[in-house]
Amino acid sequence: MQKYQLIESYLIKFLQNEVYKSGLKNVVLGISGGIDSAVVAVLAKKAFGENVLGVMLPSSYSSQSSLDDAMKLCEKFDIKYEKISIAPILDAYFKDKKADNLRIGNFSARARMSVLYDVSARQNALVLGTSNKSELLLGYGTLFGDLASAINPIGDLYKTEIFEFAKYLGVPNEIIQKPPSADLWEGQSDEEDLGFTYAQIDKALEAFVDNRMSEDEMLENNFNKDLITLIKNKIYKNQFKRKLPIIAKISHRTIGHDFLYPRDIKL
């Protein structure tokens, strides 16, 4: 557990440094009842004490068990919280529209973040992110939704590390043991969506991203070919989710000098 003791100490100092240098002292985060937000909430409580506010943002698609788990976490660690339903927002927007689960899920994530940023303005606080490294690399999240934040303390920890870290921090077993889910619609499961377990995905991501193994090297090391294809496609396809909006440079210092655009790309 020494690894996670060091990570805990580092992340608490990281949060304090990043928040305090902004001139603020308060933080807010969405607490979903999932393991990622639970880990961030516990770290925030250790870093900021009473200056943490957790916000639960259920919709008509959310499970009651997730809300119960979120409240249990806050009660165990004495984290202040409030509940704000986004159901009226979803009902008002989708009442005259036919939409699939993906559209509803993405809209829900963005509605939650809009509310969370409004709460942060009220609290004079910064919004903490709760996306882990596995999700960020795969682009498994909603741009300007759950991927949005001012500071993300767990973005360099793989999902499998989050499970171990949660155990170290004392997160309730109900949260640790339940199948990972963004809870965007009834029965939604991260691992079913992806087609592989996080244990399989994280090993492949570590090999490809951290250890710079080629596809051939990964095949030689008995990685599943479909898994290799999955992570490569998602990493490259979703690169835009990990970057700020791209700005076309047309200033006078650019045009007429190095303003040479590459050949048109044909799709």
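Which residue in E2 is the bridge partner of Leu-29? I found that Leu-29 is bridged to Gly-54 of E2. A reminder to myself: this is a predicted model.

**Entry 1, the strand pairings.** I looked up the neighbours of E2 next. Strand E1 (residues 26-30) runs parallel to E2, and 4 bridges join them. Strand E3 (residues 80-83) also runs parallel to E2, again with 4 bridges. For Leu-53, I noted Lys-80 as the bridge partner in E3. I then followed the chain from E2 to E3: it passes through helix H3 (residues 64-76), and this β-α-β crossover is right-handed. E1, helix H2 (residues 35-48) and E2 also form a right-handed β-α-β unit.

**Entry 2, burial of E2.** Is E2 enclosed or open? I counted 5 of its 5 residues (52-56) as buried, so the strand is largely enclosed by the rest of the structure. Side chains in a regular strand alternate between the two faces of the sheet.

I moved on to helix H10 (residues 198-210) and helix H12 (residues 225-237), which pack at about 65 degrees with their axes 10 Å apart. Their crossing is right-handed. Among the contact residues I jotted down Ile-201, Leu-205 and Phe-208 of H10, and Leu-227, Ile-231 and Tyr-236 of H12. By class, the contact has 9 nonpolar, 1 polar and 1 charged residues.

Methods:
Residues numbered from 1 in each chain as written. Predicted model: local features only at pLDDT ≥ 70, side-chain atom pairs only at ≥ 80, totals over all residues. Heavy atoms only, no water. Buried < 20%, exposed > 50% of the residue type's maximum accessible area, 1.4 Å probe, protein only. Pairing = 2+ DSSP bridges. Right-handed = clockwise from strand over helix to strand, strands pointing away. Axes fitted to C-alpha atoms, helices over the stretch in contact; angles between N-to-C directions. Left-handed = near helix turned anticlockwise from the far one by under 90°. Contact = heavy atoms within 4.5 Å. Nonpolar A, V, L, I, M, F, W, Y, C, P; charged D, E, K, R; others polar.
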